[in-house]
Amino acid sequence: MKINSKVIIDELNRIKEKITVDKKQEYLLLSIKEIKQIAKKFHYPSKEIEILALDEGILPSRYQKNYSSISLSEQIKLLRSKVAVIGCGGLGGNILELLARLGVGEIIVIDGDKFNESNLNRQILCTEENLKKSKVKEAAVRVRKINSSVKVKTHTLFINSKNIQEIIQGADLAIDALDNISTRFVLEKACQELEIPLVHGAVDGFNGQVSTIFPQDQGLELIYGSLKKLNRQKRISRLSVPAVTPALIASFQVQEVINILLQKGKPLRNELLFIDLEDHDIEILKLDK
Amino acid sequence: MKIIKIELIVAGFLGNSKSTKNGPEIIKREYINPITVREVLTDAKIKLRFIGLIMLNGKNTNQDFLINHSCRIKLYPLLGGG
């Protein structure tokens with residue numbers, strides 16, 4: 001059934017409630033209940049109701065505390081965005097939580113793994129109740145609980161050079177939340193071919209790093225050297241990850257996502273943000289092309 | 001005779017013995033002949049397999065780079081987890 005958006009806009013204006021936040025700033029708010037009622041009445045996706053509302057200067061209450069930092073038009077941009085999160089562990093779980101709360105409209109989640117007890121120390125989506133369950137299925141449940149307007153597409157598989165492009169095709173950008181270096185190179189190649197940015201993040205111990213790679217950038221090779229050399233030299237990461245590190249690095253990665261989607265700030269291109277939480281050190285390292 | 005003075009600074013978990021009170025751990029070495037970064041690291045008994053980014057006087061380089069002049073090298077751990 002094709003719905004004339006004008007009918008919905010009229011409905012929005014009919015029920016809107018004027019709320020004064022402070023003397024200088026005032027805006028109109030729409031509750032989740034009202035959004036769901038309209039969505040049900042017109043058989044229209046709640047995300048589209050939110051977009052129509054924002055376009056009319058009506059702010060869904062769930063985004064009230066985004067406002068000022070994220071304008072109404074920027075909130076629409078986020079709702080119309082589609083991002084791919086590759087890996088659903090320590091980084092991926094935190095990233096998903098943040099994307100859902102921000103109101104990024106569509107998320108592709110990819111991970112072939114199930115939760116186990118060793119994930120409990122850091123993976124925000126892992127609980128004692130969902131051990132042995134699929135990470136991506138649990139991720140979708142969590143996102144729906146936070147923001148039912150966000151569409152989640154899950155892929156219970158591990159990426160490789162043959163499947164990755166098809167899975168992330170159509171995404172505005174990809175987020176690297178993987179747990180090994182060689183698969184990161186596979187992801188980077190796919191992003192280059194699809195011509196989308198990649199937000200890289202990696203952790204070990206109390207150390208973490210973030211970088212943003214655009215398709216034309218040299219990217220991971222600047223950070224890790226060539227994959228061939230890396231394998232030959234048998235360089236490895238220790239893979240000890242306490243909870244604090246992925247939580248922080250995920251936040252930096254999602255800020256990069258905001259910056260790219262909304263064209264805010266300056267992305268960490270040809271730069272590596274390195275953090276040592278133990279010593280409170282944060283450095284931005286310039287990487288030569 | 002030119003002496004090549006090298007200061008090695010280890011960042012993150014590579015510097016297990018570093019003290020936050022005294023600043024980062026700095027390893028000093030002196031050489032007469034040009035030497036590769038890898039040879040310096042081996043000489044300093046740093047485990048090569050845990051090393052990620054290598055910054056030489058603020059520019060990223062690799063273990064094969066031949067050092068001819070005095071310099072400061074900062075080593076960052078290889079991070080691959082998620």
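In chain A, Ile8(A), Glu11(A), Leu12(A) and Ile15(A) of α1(A) meet Glu34(A), Ile38(A) and Phe42(A) of α2(A), where contact requires C-beta atoms, placed from the backbone, to lie within 7 Å. The residues of this contact comprise five nonpolar, no polar and two charged; Ala, Val, Leu, Ile, Met, Phe, Trp, Tyr, Cys and Pro count as nonpolar, Asp, Glu, Lys and Arg as charged, and the others, Gly among them, as polar. The model is predicted: local features need pLDDT of at least 70 and side-chain atom pairs count only at pLDDT 80 or more, while totals for chains, interfaces and linings use all residues. Residues are numbered from 1 along each chain as its sequence is written, and chains are lettered from A and ligands numbered from 1 in the order in which they are written.

The axes of α1 (residues 5-15) and α2 (residues 32-42) of chain A come within 11 Å and cross at roughly 150°. Axes are lines fitted to C-alpha atoms, for helices over the stretch in contact, with angles from 0 to 180 degrees between N-to-C directions. Helices (H or I, at least four residues) and strands (E, at least two) are DSSP runs, numbered from the N terminus.

Turning to the partner chain, 36 residues of chain A are in contact with 21 residues of chain B. Elements giving two or more residues to this side of chain A are α5 (90-102), β8 (198-204), β9 (207-213), α9 (220-224) and β10 (271-276). The residues on that side divide into 16 nonpolar, twelve polar and eight charged.

Elsewhere, Val85(A) touches residues including Gly92(A), Ile95(A), Leu96(A) and Ile107(A), leaving aside residues up to four places away in sequence.

Key:
Two residues are in contact if their C-beta atoms, placed from the backbone, lie within 7 Å.
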